Amino acid sequence: MGIQNGNMNKTKVSNEFGKLERIISNVNLGTWEWHINTDQTYFNERWANIVGYSLDELEPTNIEIWKSLTHPYDLQKSIAELEKLFNGEIDTYECEIRMKHKKGHWVWVKDIGNILERDRAGQPLIISGIHQDITNQKESQLKLTKMLDYEKVLRKISERFNGLYELDTAINISISELGEISKADRTYIFLLRPDEVTMDNTHEWCKEGVNPEKENLQELPVSIFPWWFQKLKNGELILVDDVTKMPEEAQAEREILEAQNISGVAVLPLTENGKVMGFIGFDNVHEPGQWPEEDLNLLRTCAEIMQNAITRNRYESKIHTSERKFKDIFDNHRAMQAIIEPTLRKINEVNQALLDYTGYKREELVDRVITNFIDLSEDQLQLITDSVRNQKISHIDFGLRSKNGTTIDFKATIAAIHINETLMYHIVLVDNSLNIKLEKDNLLLREALNYIQTSIAIINSDESLLYCNKSFIENFDLKSESSFECKNIFFDVSNPNQFNEVWEHLNKGHYWEKELERVPKAGEPCFESVRSSPVLNNQGELQYVIVIINDITNKKNLERNIIEAKDRAEESARAKSAFLAVISHELRTPLNHIIGFSEILQSISEDQETQEFASLIKGSGDHLLEIIEDIFELALTDQGNVNIRNNYYKLLDIYAELRNNFQEIFSKSGKNDSIKLEFKPEPMLLPQWIFIDKGKLIIILQSLFKNALKFTHSGSIKFGFNLTTKQEINFWVSDTGIGIPENKLETIFEFFTLVDDSHTRSYEGLGIGLTICKRLTEAMGGQIRVASVEGEGSTFYIRLPFSRDENSYKVSHEEANILLPNLTGKTILIVEDDFTSMRLIENLILKTNAKTIKAFDGQQAVDKYRLESNIDLVLMDLKLPVMDGFQATKDILNYNPTATIIALTAYALTKDRDQALDSGCKDIVTKPINKALLFNKIKQFLLK
């Protein structure tokens, strides 16, 4: 019986459990049971179906399956509720959680459970419960809540843009609210600049932890967003859930978005009058996201509110700017202006020009009746009112009483305007006395134009005469305007078609000027300068031409005289040049002998005294040659240009030579007892090398020393040199002589300027020494100056560039000591008409083992070159009998274009050297011949 009862109870329980399963299945609930000690769980099929799985797909089941499918945020909330159940704080566990569906979306589930069994200590062993899918209810609830939130945000944004906030503040608050409600990471606004080719990020909001980009997004070219702006211009929204999946045509935009780590974006256009003025954007940075339609509707509405506010702000700004400009123009315009309220006939406003002119203060005129200040009758005022109301501009003359009581005659222009929808009269006043003054000035100008000798005319576009002055009438012998012919002004005997060309030129708006020869009806031929200026109208058409004619006959005659004088001067200069060239040649030829044979004498004599005397002869010849060259350079150039022959010298050697020279000059002066000679070189400079023209430096300093000795009778003369802060070497000569008057200091370096230029002066001299010193110093790249006090003495300073490049010295030194070349097997033709020079050159060449052939005139040179087939080099003198060296060179080159010819010449003039090179000479060596230089040139061409 007990067994039967037990079986009956089991059957009953089984039936009840079956019933319960059917009920649960019918209400679509999922069931679960959790054995806490083992973490084993039991789910029904519906529990698995709620999240998109079958129960088999979740086997083996345990509590971790539930945890893995539950949203992390909701899992923490659920565990907290279970703790309360376990601790007896609540009787039933109940929690709304999100679970991950198999397809990836979240399902809202209502989770309910109770403890079925506890252990003896009261700890829960088994808990069971149900899962109910409440996704639809939850989404409806969230949607309703979101809609209420949207309405609240929309209402607040709308109120905010109704003038309660400044525009930028309203935008910044609004985009932050839109960012939060749409769960965007960044919201922003871009506005186009007026040029519509660039834009700026004007406003930005960022969620905490998201980097702002506003400062980096200024003045961006619109062209870098081609796809983006095309869609905005079409009125489309830009919705990008995943930036990496943007279309190929949006590659440029995708790269920019990816560079800012943006994963998704929504962009809405902002428009004004149908044109895109910018956009509002919403960025997802952390992860891609979708944009529900209700979010987009809210964003569209808010974008419209903001674009309307921005547009309104722009219009208000333009209106405010326009009003301000009008006020500024009105207040600051030079024309006198007033605004009148016609109904009450009160003065509404006046500008400063009117106040200044009449002497009133603003408060003395504004809000006062106009008839208190003007002398117009009621009828006149009514006529003005009627005229203006008929939308006509009225002009009227009237008298206005100024502050001092005098009446000023004004001419007024009156027009109707509306200010704040109120009809007003805008009045511009002009003092009529100005017109009278202009008429007087015009008359005065006409009279003045009639008295000047320049002919002036204004010619209409139809070639008729509009105006001309008295001089023009007389010049062209006009009896009346009808006798005027425009072509007479531009007539040119050499070009009969000139008038048509000129008039076409003027019609195009081009200025025309020319000097013409004209024969008046009575009188001698004259020259005139004709200048024509076209005046065009707004359409670019010729209105009239202003013609100004000046008689330039005297000027032309003067130019002719100047040209004739110039020709005579050039002829004189040519004669002078030819003379100097001959003198140069005649002086250089004997110097060539002196220097050349002194060198040979040094090399062939073993007597020490003979060698010393030969060396002295050569040194004196070299010195004399430099002097001759400087004199010719100074004589042949207006600027005093001279050839500078720089080389490296030791300052100690220059100083020793100068000291010896000064002491020798000093000892011959007879002033040893009355003047003390002192030398003060800077010791550290003495071992240094200097790149300089030593000969010219010695000439300059010796000249300054002689001057000091000449004008000093007692005291001292000092000479020294030092280095300046600008790395220049400063030579100076100081004396305690008579000094230079202050009024002579500025002219002391000019030609023929003397300290004492009276008829009874005590010191001889032409006054050219300091001028030569100045020219030589400047030619060397330096400066000369003087400091002097009359009666106390003078100091002359020479500053020259200073170089310490000893390597350049070594190169120069090596070049000056080139070994004698070995020219065995070479044949050289020497062309020289002077017997002594021929012997000198032949002697030099024979030492090189070269064979020599001699020719004494140009024709011989050409003939011998043609006879001898093995001539390697020609040394050609330029001044030759029968045929000169220039022509001989050309004839040889005609016979053999590859011939090598070096010119040997005593002509020092640049033009002669240029002529030699133009004739075909490969190079030039000037006389007296420098042996090392000659050998260098020969080696250059024969020993390549």
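Reader: How many residues does helix H5 have, and what does it reach from its first C-alpha to its last?

Author: Some conventions come first. This is a predicted model, in which local features need pLDDT of at least 70, side-chain atom pairs count only at pLDDT 80 or more, and totals for chains, interfaces and linings use all residues. Residues are numbered from 1 along each chain as its sequence is written, and side-chain values use heavy atoms, with hydrogens and water left out. Helices (H or I, at least four residues) and strands (E, at least two) are DSSP runs, numbered from the N terminus. The expected span of a helix is 1.5 Å times one less than its number of residues. Helix H5 covers residues 72-86, which is 15 residues, and reaches 21 Å, close to the 21 Å expected.

Reader: Which residues of H5 are buried, and which are exposed on the other side?

Author: Buried means under 20% relative accessible area, exposed over 50%, and partly exposed in between (1.4 Å probe, protein chains only). In H5 the buried residues are Asp74, Leu75, Ser78, Leu82, Leu85 and Phe86. Down the axis of H5 they fall within an arc of 115°, so they line one face of the helix; the arc is that of the directions from the helix axis to the C-beta atoms. Tyr73 and Gln76, on the other side of H5, are exposed.

Reader: What covers the buried residues of H5?

Author: Contact means heavy atoms within 4.5 Å. The cover includes strand S1 (30-35), helix H4 (63-69), strand S3 (93-100), strand S4 (106-118) and strand S5 (124-133). After H5 comes Gly88, with a positive phi near 75°.

Reader: Which residues are buried in H19?

Author: Helix H19 (residues 651-669) has 19 residues and spans 27 Å between its end C-alpha atoms, close to the 27 Å expected. Its buried residues are Leu651, Ile654, Tyr655, Leu658, Asn661, Phe662 and Phe666. They fall within an arc of 135° seen down the axis of H19, so they line one face of the helix. Their cover includes strand S22 (647-650), helix H20 (694-710) and strand S25 (715-723).

Reader: Now the cavities. How many of 30 Å³ or more are there?

Author: On a 1 Å grid over the protein atoms alone, a cavity is a set of points where a 1.4 Å probe fits but cannot get out; lining residues have an atom within 4 Å of a point. Grid points are joined across faces, edges and corners, and a volume is the space filled by probe spheres set on the points. The count is 3 cavities of 30 Å³ or more. The largest cavity holds about 320 Å³ and is lined by 24 residues, with Ile340, Ile370, Ile374, Leu381 and Ile427 nearest its centre.

Reader: How does the lining of the largest cavity divide by residue type?

Author: Ala, Val, Leu, Ile, Met, Phe, Trp, Tyr, Cys and Pro count as nonpolar, Asp, Glu, Lys and Arg as charged, and the others, Gly among them, as polar. That lining has 21 nonpolar, 2 polar and 1 charged. Elements that each supply at least two of its residues include strand S12 (336-341), helix H13 (378-389) and strand S16 (422-431).

Reader: Which residues lie nearest the centre of the second largest cavity?

Author: They are Tyr188, Phe190, Leu217, Leu257 and Gln260, out of 15 lining residues. The volume of this second largest cavity is about 130 Å³, and its lining divides into 11 nonpolar, 2 polar and 2 charged. Gln260 counts as buried at 15% relative accessibility, and beyond its neighbours within four places in sequence it contacts Glu213 and Leu217.

Reader: Where in the backbone is there a cis peptide bond?

Author: The bond joining Glu59 and Pro60 is cis, with omega about -10°. Pro60 is in the loop between helix H3 (55-58) and H4.

Reader: Is Asp367 buried or exposed?

Author: Asp367 is exposed, with a relative accessible area of 55%. Its phi is near 70°, a positive value in a residue other than glycine.

Note on methods
1 Å grid on protein atoms, 1.4 Å probe; cavity = no way out; pocket = protein on both sides within 12 Å on 5 of 7 lines; lining within 4 Å.
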